[in-house]
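Here's a quick briefing to read alongside the model. Have the sequence and the 3D view open as you go.

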Amino acid sequence: MKNKKGIVLALVLSFALFLVACGGGANNAGGNEAGNNAGTNAAAEGENVATADGAVLRVNHSSEPGSLDPALATGTHESAIIQHMYEGLLRYNADNELVPAVAESYEVSEDGLTWTFHLKDDVVWSNGDPITANDFVYAWNRVLDPELASEYSFQLTTYVVGAEEALAGTGAIEDVGYKAIDDKTLEVQLKTPTPYFAGLSAFYTLYPVHQASVEGNAEWANDPANTPIVSNGPFTITAWDHGTHISLVKNDKYWDAENVKLAGIDFTILEDANTAYTKYQGNEFDVLTNPPTAVVAQSIQGEDPELKMGPKVGTYYFEMNTAKSPFSNVKVRQALSMAIDRKTIVENITMGGQQVAEGMVPPGLLDDTGAEFRTANGNLIKEDVEEAKKLLEEGLAEEGLTVADMNNFVLSYNTDEGHKKIAQAVQEMWRQNLGFEIGLENMEFQILLDKRNAGDYDIARAGWIGDYADPNTMMDLFMTDNPQNDSSYNSEEYDTLMKTAASTNDAKVRMDSMKEAEKILMNDLPIVPVYFYTAPRMEKPYVSGVFNNPLSEPEYTYANLDQQ
């Protein structure tokens, strides 16, 4: 990689900006806490509340987080909160550029293997303790702790020297390839040149955590009422009423606090999108995320200025439990995929500008020539009802089953009207096209994640949002030893191609390997892609400064409420 020295230059991500497919250790000043509480009370009255220190932004949040520990977070229901509480070495700005965060600058060696990050002098934790390079070393060591069992440990084991061995217990944590040269210098040794490691450094798994707080309370990330959560981002958490709401207040010790206008953010946890929309209409929310699909469709048709449609690098799919018969049979999986009419789903159900999936990798990610990876690798999804019937019969016979036996299996999805409608549509497509009626089961998002991770499901609704701007972010999770491989997919050929892509410095060889790997994945179909995401939200006219990063949830750090 080209050598970088001095102040970090903005690294512009080449995302397609069209509709793509998809608490502090010390309490903050009483004014902030009062403002946050007032915001919560005023929500019931349909009024936004301003305080002497700014306004409280009121937002819906679709699911209860499982944990606010960056090392344990696994989904957007957690990252949407965490990204406002913590900050990594780099971050994305409103123009989707990587810019300095905790790190002021970084350098990359000529061979692309050594990354040296230089921390800002003025960065401190919310309790005033200085942030040092050792805070990153400690946080990353936790990710590699087998007892913690971080599902995102692959963000280190895939790239960093010695990380895989440390997690497996065959190597010492002291030998992993990152270290604090001094309080303000972090050095990272990579196995192979990884040009997108800058983007990885902005991902929440690699955020620092406050060692004294973590070691002082095993439940430190689950309840700020008992022990304040020390964080380093623009906001700190003051209240978490589980299943109801989460309150954040401005962190006055944040290095860029002078540009944070909000006094706080109040997230109301509501799984039902229609209820959330009703509250938005009643002025109980300033921003509405994930509006009901019918509302999005109507807003698009009516050109509603309150609808903000952002890009999203992500894919909506169904996960097959390949460790369980008959989903262990590739013909059965192919049949289920071929019998789905994706165009009907995006045109008549989701109706939010989504694009029919043509593979696992969505638009917005480029190959070695600068072309869209998706376009270059073509449409890998086949729909053919007659072929599906034939494959299902053959596959079930190989498993000693009949079509009638398929009535005994269940498709699981997390509670949401949109997911329910899609599941019902797929259920009906399989009934009409293949002759069986699979059961449906809804549950809270975190419960679904836990069941998928435990392999306790037949077919499950799933989705993946890219972690960084490279096709690898959509594909490495299907490698055999990846802890996020909930489908238990196991392909030596796929693993070999992905390892080739990870080990070469030749951009063409790398991309060609991933293109071939995606073709294998879309033939084996441990997952069945349905559509590529978009990111709709509703905003009141007085809201400004919210932006949507295609790799994350809406960013409220620099939002402002202009009505007061």
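Contact here means heavy atoms within 4.5 Å; axes are lines fitted to C-alpha atoms, for helices over the stretch in contact, and angles run from 0 to 180 degrees between N-to-C directions. Helices (H or I, at least four residues) and strands (E, at least two) are DSSP runs, numbered from the N terminus. With that in hand, α3 lies across β7, β8 and β9 (185-189), and runs at about 165° to β8.

This is a predicted model, so local features need pLDDT of at least 70 and side-chain atom pairs count only at pLDDT 80 or more, while totals for chains, interfaces and linings use all residues. Residues are numbered from 1 along each chain as its sequence is written, and side-chain values use heavy atoms, with hydrogens and water left out.

- Start with the open sheet of four strands, ordered β6-β7-β9-β8 with antiparallel pairing; two strands pair if DSSP finds at least two bridges between them.
- β6 (103-108) and β8 (178-182) are the edges; each has a single partner strand, so one side of each has no neighbour in the sheet.
- On average, neighbouring strands of this sheet are turned by 20° against each other, direction ignored.
- β6 and β7 run antiparallel and are joined by five bridges, and valine 108 has tryptophan 115 in β7 as its bridge partner.
- α3 is mostly covered, with nine of its 11 residues buried (under 20% relative accessible area; exposed is over 50%, partly exposed in between, with a 1.4 Å probe and protein chains only).
- Among the buried residues of α3 are Phe136, Tyr138, Trp140 and Arg142.
- The buried residues of α3 pack against β7, α4 (154-157), β8, β9 and α7 (211-216).

- β4 (residues 90-92) and β5 (residues 97-100) run antiparallel, with three bridges between them.
- Leucine 90 sits opposite proline 100 in β5.
- Four residues separate β4 and β5 in this hairpin, and asparagine 96 in the turn has a positive phi of about 60°.
- Lysine 120 is in the loop between β7 (114-119) and α3.
- Is lysine 120 buried or exposed? Lysine 120 is buried, since its relative accessible area is 9%.
- Setting aside neighbours within four places in sequence, lysine 120 is in contact with Pro100, Ala101, Val102, Ala103, Glu104, Lys184 and Trp255.
- Lysine 120 and lysine 184 are 64 residues apart along the chain, yet their C-alpha atoms are separated by 7.2 Å.

**Nonpolar cores**

- The largest nonpolar core has 107 residues, and Trp140, Val188 and Tyr494 have the most contacts inside it; such a core is a set of buried Ala, Val, Leu, Ile, Met, Phe, Trp, Tyr and Cys residues joined through side-chain atoms within 4.5 Å.
- Helix α3 (residues 133-143) gives the most to this core, with seven residues.
- Another core, of 36 residues, lies apart from it and includes Val332, Ala388, Ala425 and Ile465.
- Not counting residues up to four places away in sequence, tyrosine 494 touches Met475, Phe478, Met479, Tyr489, Ala517, Ile520 and Leu521.

- α17 (residues 507-524) has 18 residues and spans 26 Å from first C-alpha to last, close to the 26 Å expected at 1.5 Å a residue (the expected span is 1.5 Å times one less than the number of residues).
- Aspartate 506 caps the N-terminal end of α17, with a side-chain oxygen 3.0 Å from the backbone nitrogen of lysine 508.
- After α17 comes leucine 525, with a positive phi near 50°.
- Cover for the buried residues of α17 includes α10 (330-338), α12, α16 (492-503) and β20 (527-532).
- Asparagine 377 belongs to α12 (residues 373-377) and is buried, with a relative accessible area of 6%.
- A polar atom of the asparagine 377 side chain lies 3.1 Å from the backbone oxygen of lysine 515.

**The six-stranded sheet**

- This open sheet runs β16-β20-β15-β19-β17-β18 and has mixed pairing.
- Its edge strands, β16 (355-356) and β18 (439-443), each pair on one side only.
- β17 (residues 410-414) and β19 (residues 459-465) pair in the parallel sense over two bridges, and leucine 411 has isoleucine 459 in β19 as its bridge partner.

Technical notes. A polar contact is a pair of N or O atoms within 3.5 Å; within protein, one must be able to donate a hydrogen and the other to accept it, and residues adjacent in sequence count only if both atoms are side-chain atoms.
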